[in-house]
Amino acid sequence: MRKTSRLGSEARLGWALVAPALGVIALIAIFPLGWTFWESLHLHELRMPWLGEPFIGLANYVEIARGPRFWAALGHTAFFTVVSISLELLIGLFLALAMNRVFRGRGFVRAAVLVPWAIPTVVAALLWRFIFESQGGILNALLVDVGILNQPMVWFIKASTAWVPVILADVWKTTPFVALLLLAGLQNIDLSLYEAAASDSRDADLQNARRISRIRSDLCPDRRRTRNLYRAGRALHLQRVAPESALRLWIGVVGGDLRHHLRTGAVLRAWARRATRGRRGMREAGRGKREAGSVRSGGLGRWVFGGALGLLMLFTLFPFYWAVVASFMSDAQLFREPTLFPRHLIFDHYHALFTERDFITPIRNSLVVAGTTTLFCLIVGTLAAYALARLEFRGKAPIMAFILAVTMFPQISIVSPLYLLLRSLYLIDTYPGLIMPYMTFAMPLTVWVLTGSIRQIPKDLEEAAHVDGATRRQSFTRILLPLAVPSLATTGILTFIYCWNEFLFALSFTLGPERQTVPVAIALFRGQYQVPWGEILAAAVVATAPVAAMVLVFQRRIVQGLTAGAVKG
């Protein structure tokens with residue numbers, strides 16, 4: 001009876017804690033999606049408003065299916081998706097394997113991989129567009145210098161060549177997240193499998209087993225009094241180590257029992273002689289094809305691994321390096337003689353950015369919107385994550401699936417109904433009009449990461465507090481929350497970066513520069529006679545600097561937070 005009552009109270013508490021998160025997602029995402037579908041079943045003829053909006057069923061879908069533009073767009077999307085995902089999986093798998101290894105510079109590789117992911121999407125698109133520009137593009141300049149091209153190529157005039165920068169930009173931006181997800185899967189593999197794969201051959205294992213059995217028979221004549229020695233022997237057999245190291249390991253395991261069972265040191269000396277002869281024989285037997293082949297392949301593998309990793313690091317960091325360098329070059333040098341190592345640096349673009357463009361206003365708007373959204377998501381998401389990770393009630397799996405499914409819908413599918421909803425609430429061109437849509441797609445990320453992190457905290461600590469008389473609220477506030485502070489900080493950084501980089505909602509729900517965020521302001525930069533690439537690149541560096549700094553400082557926690565959510569969530 002008490003168990004049933006406890007489960008009922010947990011179910012009520014669980015639903016109460018996840019209700020705010022579900023309410024936000026349902027109001028801002030599900031309702032607009034339903035509204036979009038309902039309106040798609042009606043006729044909307046702006047040229048003849050007197051017809052009203054009659055119900056026509058699936059006629060709009062049939063008309064779209066008959067048009068060639070829809071199928072052409074669908075084919076382009078499918079081609080772009082297949083090629084991009086294939087490259088992202090291949091490169092992401094290599095990066096995940098690299099980050100899962102222990103080598104010098106792994107922290108730098110991990111930080112460098114995260115930099116493209118932290119850069120705003122609109123900034124990444126502009127960077128790659130400028131790299132492939134026919135005039136001022138560094139790629140054309142390099143290809144002409146090395147003799148591959150006779151003259152600069154116009155990459156965006158043909159579909160066959162325009163796919164190259166589009167796919168490269170998407171791969172460059174998305175691969176880091178794919179690599180983190182694959183890294184989470186690699187870190188979830190049992191370490192014993194790695195140890196078994198790295199062990200010696202089966203013949204060497206049989207020789208070790210026979211040697212251990214002879215050692216055990218010499219040292220343990222009385223089976224009733226030597227249980228620890230037998231256990232040490234089994235533990236020693238499971239360790240694929242050299243005989244001398246195994247001797248030290250065996251002595252450490254046995255401890256004081258060794259003096260009790262060894263009457264003299266003759267047996268120990270005989271064991272050492274046997275181990276030395278055995279190791280010498282194994283060296284002589286393995287000195288040949290097996291040993292030489294493994295050493296050579298290992299050395300060659302290290303060179304191949306290092307070269308491939310170096311090329312990926314160049315691909316990862318080059319666009320950002322070029323943006324920084326180009327932002328300090330004059331317009332004349334930028335379009336006539338672009339170079340990777342300019343001799344003279346100027347600050348005119350940064351000066352114009354904060355004096356003529358008033359770039360402080362977009363920065364302030366982004367800080368307010370991203371900071372407020374992060375705070376609300378942490379408060380609401382922590383409650384939902386605690387319920388999903390700790391409480392037992394029906395519907396946990398569907399709730400988690402529902403929250404994550406929201407991220408699968410493209411933002412463009414809810415922009416129109418969401419605009420009408422915000423306009424009816426007089427929230428267009430306001431901070432709340434941006435914070436509410438931001439929370440819709442930032443909330444699933446917060447709940448996902450925090451749920452996995454809370455599940456990693458031992459539940460025994462809270463149960464011990466309950467035994468001592470603490471209530472669930474006290475165990476949550478005094479036990480769980482202090483332990484979850486690092487996870488909360490990591491989730492806050494991830495949510496802030498997502499909100500800082502958001503572009504479509506900020507572009508759709510703002511009317512003027514007073515409420516524009518950083519990505520929108522950069523995308524709408526206009527010059528009098530030409531595109532102000534110098535100021536755009538300077539703004540891109542300024543917009544990327546804070547998120548890149550956070551990634552470099554907290555890269556270890558960011559990786560841990562994403563991998564924990566991917567494995568446990």
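A: Helices are DSSP runs of H or I with at least four residues, and strands are runs of E with at least two, numbered from the N terminus. The model is a predicted one, in which local features need pLDDT of at least 70 and side-chain atom pairs count only at pLDDT 80 or more, while totals for chains, interfaces and linings use all residues. Residues are numbered from 1 along each chain as its sequence is written, and side-chain values use heavy atoms, with hydrogens and water left out.

Q: Which residue with a positive phi follows helix H6?
A: Gly-147 follows H6, and its phi is near 90°. Helix H6 itself covers residues 138-145.

Q: Which residues of H6 are called buried?
A: The term requires under 20% relative accessible area, whereas exposed requires over 50% and partly exposed lies in between (1.4 Å probe, protein chains only). In H6, Ile-138, Asn-140, Ala-141 and Leu-143 are the buried residues.

Q: What makes Glu-463 partly exposed?
A: Its relative accessibility is 41%, and Glu-463 therefore falls in the intermediate class. This residue belongs to helix H21, residues 460-467.

Q: Why is Thr-81 called partly exposed?
A: Thr-81 has a relative accessible area of 33%, so the intermediate class applies. Thr-81 sits in helix H3, residues 68-99. Its C-alpha atom is 9.0 Å from that of Ile-167, 86 residues apart in sequence.

Q: What makes Phe-347 exposed?
A: The relative accessible area of Phe-347 is 56%, and the residue is therefore classed as exposed. Phe-347 is placed in the loop between helix H15 (331-336) and H16. Phe-328 is 19 residues from Phe-347 in sequence, with 5.9 Å between their C-alpha atoms.

Q: How do you know that the length of helix H23 agrees with its residue count?
A: The expected span is 1.5 Å times one less than the number of residues. For the 17 residues of H23 (residues 485-501) this gives 24 Å, and the end C-alpha atoms are 24 Å apart, so the two agree.

Q: Why is H23 described as largely enclosed by the rest of the structure?
A: Of its 17 residues, 13 are buried, and H23 is therefore largely enclosed.

Q: Why are H17 and H23 called oblique to each other?
A: Axes are lines fitted to C-alpha atoms, for helices over the stretch in contact, and angles run from 0 to 180 degrees between N-to-C directions. The axes of H17 (residues 360-390) and H23 come within 8 Å and cross at roughly 135°. Angles under 35 degrees count as roughly parallel, over 145 as roughly antiparallel, 65 to 115 as roughly perpendicular and the rest as oblique. H17 and H23 are therefore oblique.

Q: What makes the pair of Phe-441 and Phe-505 tilted?
A: Rings of Phe, Tyr and Trp (its six-membered ring) pair if their centres lie within 6.5 Å; planes under 30 degrees apart count as stacked, over 60 as edge-to-face and the rest as tilted. The structure holds 22 aromatic pairs. In the pair of Phe-441 and Phe-505, the centres are 5.8 Å apart and the planes stand at 45°, which makes it tilted. The pair joins distant parts of the chain, with Phe-441 in helix H20 (residues 431-456) and Phe-505 in helix H24 (residues 504-508), 64 residues apart. Both Phe-441 and Phe-505 are buried.

Q: What makes the charged end of Arg-101 count as sitting over the ring of Phe-305?
A: The criterion is that NZ of Lys or CZ of Arg is within 6 Å of the ring centre and within 35 degrees of the ring normal. The charged end of Arg-101 is placed over the ring of Phe-305, 4.3 Å from its centre. Arg-357 likewise has its charged end over the ring of Phe-525, at 4.7 Å from the centre.
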